Amino acid sequence: MDTAKVIEALNKAVALEHAASIQYKQHALLVRGLWRKVFADFFFSESRSAQEHAYKFGHKIAALGGVPTIEVGTVHQSLDVRRCYNRISTWNGRPCRPITRRIPWPRMT
Ligand SMILES: [Fe+2]
């Protein structure tokens, strides 16, 4: 096992989780409208999950003798809940099933 490569890969995951944590929290704070409560609670819960994931990955890095990154990936801002949902419910342009299954976009009929 190439420990340096494993640490590098884990640090990329930590940076993504840091970004996700901030992104979700910002979405929770900015979401507006009729569905505010539903989406704010969902985004905040996801923020906490991402924080926990970053912490777990950081422990693995430390156990391997590395230093967990404090870098944060790109964070976006939007007041449009649909845009926030779309941003977190896709990965590389494809639907992220764990997200869309937990909280499907509400049908307005
Ligand atoms: Fe995660």
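Trainee: Val-31, buried or exposed?
Mentor: Buried, because Val-31 has 23 C-beta neighbours inside 10 Å. The cut-offs: 20 or more other C-beta atoms within 10 Å is buried, 12 or fewer is exposed, in between is partly exposed, with C-beta atoms placed from the backbone. Keep in mind that this is a predicted model, where local features need pLDDT of at least 70, side-chain atom pairs count only at pLDDT 80 or more, and totals for chains, interfaces and linings use all residues. Numbering runs from 1 along each chain as its sequence is written.

Trainee: Where does Val-31 sit?
Mentor: Val-31 is in the loop between H1 and H2. Helices (H or I, at least four residues) and strands (E, at least two) are DSSP runs, numbered from the N terminus.

Trainee: Which residues does Val-31 touch, beyond four places in sequence?
Mentor: Arg-36, Phe-39, Ala-40, Phe-43, Val-81 and Cys-84. Contact is C-beta to C-beta within 7 Å, again placed from the backbone.

Trainee: Which residues touch the most others in the largest nonpolar core?
Mentor: Val-31, Phe-39, Phe-43, Phe-57 and Val-81, out of 15 residues. H1 (3–30), H2 (36–63) and H3 (81–88) each give that core at least two residues. H2 has the largest share, with seven. Such a core is a set of buried Ala, Val, Leu, Ile, Met, Phe, Trp, Tyr and Cys residues joined through C-beta atoms within 7 Å.

Trainee: New topic. How do H1 and H2 pack?
Mentor: Their axes come within 8 Å and cross at roughly 160 degrees. So H1 is roughly antiparallel to H2. Axes are lines fitted to C-alpha atoms, for helices over the stretch in contact, and angles run from 0 to 180 degrees between N-to-C directions. Under 35 degrees is roughly parallel, over 145 roughly antiparallel, 65 to 115 roughly perpendicular, the rest oblique.

Trainee: Left-handed or right-handed crossing?
Mentor: H1 passes H2 left-handed. That label applies if the near helix is turned anticlockwise from the far one by less than a right angle; clockwise is right-handed.

Trainee: How about Leu-16?
Mentor: Leu-16 is in H1. Leu-16 counts as partly exposed, because 19 C-beta neighbours lie inside 10 Å. Its C-alpha is 9.8 Å from that of His-53, 37 residues away along the chain.

Trainee: And Asp-41?
Mentor: Asp-41 is in H2. With 13 C-beta neighbours inside 10 Å, Asp-41 is partly exposed. Asp-41 and Leu-29 are 12 residues apart along the chain, and their C-alpha atoms are 9.7 Å apart.

Trainee: What's the overall layout?
Mentor: Four helices and two strands, in the order α-α-α-β-β-α. The chain has 109 residues, with 21% buried. For contacts between residues at least 6 apart in sequence, 69% join residues at least 24 apart.

Trainee: Where is confidence lowest?
Mentor: In strand E2 (residues 94–95), with a mean pLDDT of 60, whereas H2 is highest at 93. The chain averages 84, and 80% of residues score at least 70. pLDDT is the predictor's confidence in each residue, from 0 to 100.

Methods: Contact = placed C-beta atoms within 7 Å.
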